[in-house]
Amino acid sequence: MKKFNIVVLDITVAILDFLYRGRDYQRFWVLEEIARAPYFAFLSVLHFRESMGLRGPEHLYLMKEHFDQSVNETEHLEYMESRGGNAYWVDRFVAKHLVLIYYWVNVVYYWLAPRLAYHLSYEVEIHAATTYAKHLADKGQDDKILEILNDELEHSRELQNAMEKI
Ligand SMILES: [Fe+2]
Ligand SMILES: [Fe+2]
């Protein structure tokens, strides 16, 4: 199933890269909009599990981690908005529909197979870090993009830890 995660991600990335070629900040904004959804989905499932009396030993740790990650992704999103990433209706339309689908996919995935759901997000975070690294290599130094790149790497490490804990 990890292979399935990678194949689905590679196809999605190839489509977005094609649609957004030459429009880096719009592409980053769409990616950041989508990147927030898994953390909301994980929190939703954890809240629901708590309500059903299914709180596991790592429950509070995971809730705090995913809340912090979702706030951090919103900060990234705000930065991309400050660079005009959401200026066009079509990009907002694409992102809002993708995020709705991706949120519910993650809710179901995390409920049924939490380790695999974490693995998918881990791969997404690695992809995000690679995307920002390529941007820096092409466009030169940008401290804020470097900071965001390091945040994505930190998220990938946190997801790796979460995978090992549950
Ligand atoms: Fe991000
Ligand atoms: Fe991230």
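1. Helices (H or I, at least four residues) and strands (E, at least two) are taken here as DSSP runs, numbered from the N terminus. By that criterion the protein has 6 helices and 0 strands, in the order α-α-α-α-α-α along the sequence. The radius of gyration, taken over C-alpha atoms, is 16 Å, close to the 15 Å that the globule rule gives for 166 residues, so the protein is as compact as a globular protein of that length. That rule is 2.2 Å times the number of residues to the power 0.38.

2. The model is predicted: local features need pLDDT of at least 70, side-chain atom pairs count only at pLDDT 80 or more, and totals for chains, interfaces and linings use all residues. Residues are numbered from 1 along each chain as its sequence is written, while chains are lettered from A and ligands numbered from 1 in the order in which they are written.

3. Of the 166 residues, 30% are buried (20 or more other C-beta atoms within 10 Å of the residue's own, with C-beta atoms placed from the backbone). Among contacts (C-beta atoms, placed from the backbone, within 7 Å) with a separation of 6 or more, 78% join residues 24 or more positions apart.

4. Helix H5 (residues 114-139) comprises 26 residues and spans 37 Å from its first C-alpha to its last, close to the 38 Å expected at 1.5 Å a residue (1.5 Å times one less than the number of residues). Gly140 follows H5 and has a positive phi, near 95 degrees.

5. Buried residues of H5 include Ala117, Leu120, Val124, Ala128 and Tyr132. Their cover includes helices H1 (2-19), H2 (24-51), H4 (89-112) and H6 (143-165).

Note on methods
Buried ≥ 20, exposed ≤ 12 C-beta atoms within 10 Å, placed from the backbone. Contact = placed C-beta atoms within 7 Å.
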